Amino acid sequence: MIEFHLDGRSGLSPYQQLVRQVRHALRLGLLREGDQLPKVKDVVADLAINPNTVLKAYRELEHDGLVAARPGVGTFVTGTLSGTSLAALAPLRQDLRRWLAKARRAGLDDEGVEALFLTTFRAAAAEDIA
């Protein structure tokens, strides 16, 4: 089961962060069809947020065809975004961990790592388009 967290520095609203975390988990194969999302009351208790925030996130995911609510039971994954198996991602994850260790040794903090990654990612994407 996914465990949500909120980042006040992300620039995204709490409901958008929840949606993004579910989408990432689906894309990476960490959530699969049939898996249950945390109950709204549990997310509210864990994150100290308004129940309507969680409901809004779950409704958006439902609208996108990724989850379905079962009244009295919970919200379950009904779709997937994963095109790659977890086994195929393992070497990439290992390479990324090594890269993160090198970035830390170079003196980068979390924001520095994120800034370097995002600017490099965007530059590479722009090159691919051109």
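**Figure 1. Strands β1 and β2 pair in this predicted model.** Strand β1 (residues 67-70) and strand β2 (residues 74-77) run antiparallel and are joined by 4 bridges. Two strands pair if DSSP finds at least two bridges between them. Strands (E, at least two residues) and helices (H or I, at least four) are DSSP runs, numbered from the N terminus. V67 has V77 as its bridge partner in β2. The two strands form a hairpin with 3 residues between them, and G72 in the turn has a positive phi of about 80°. Residues are numbered from 1 along each chain as its sequence is written. Local features need pLDDT of at least 70 and side-chain atom pairs count only at pLDDT 80 or more, whereas totals for chains, interfaces and linings use all residues; side-chain values use heavy atoms, with hydrogens and water left out.

**Figure 2. T75 and its contacts.** T75 lies in strand β2. T75 counts as buried because its relative accessibility is 11%; buried means under 20% relative accessible area, exposed means over 50%, and partly exposed is in between (1.4 Å probe, protein chains only). Leaving aside residues up to four places away in sequence, T75 touches D35, Q36, L37, Y58, V67, A68 and A69. A contact means heavy atoms within 4.5 Å.

**Figure 3. Helix α1 and what covers its buried residues.** Helix α1 covers residues 14-27, which is 14 residues. At 1.5 Å a residue, helix α1 should span 20 Å, and its end C-alpha atoms are 20 Å apart, so the two values agree. The expected span is 1.5 Å times one less than the number of residues in the helix. The buried residues of α1 are Y15, Q17, L18, V19, Q21, V22, A25 and L26. Their cover includes α2 (40-47), α3 (51-63) and β2. Just after α1, G29 takes a positive phi of about 80°.

**Figure 4. Two charged residues over rings.** K56 lies over the face of Y15, 4.2 Å from the ring centre. The charged end of R70 sits over the ring of F76, at 4.0 Å from its centre. A charge sits over a ring if NZ of Lys or CZ of Arg is within 6 Å of the ring centre and within 35 degrees of the ring normal.

**Figure 5. The aromatic pair in helix α5.** A search of the whole structure finds 1 aromatic pair. The ring centres of F117 and F121 are 5.8 Å apart and the ring planes are at 20°, so this pair is stacked. Rings of Phe, Tyr and Trp (its six-membered ring) pair if their centres lie within 6.5 Å; planes under 30 degrees apart count as stacked, over 60 as edge-to-face and the rest as tilted. F117 and F121 are separated by about one helical turn because they are 4 residues apart in helix α5 (residues 110-129). F117 counts as partly exposed, at 42% relative accessibility.
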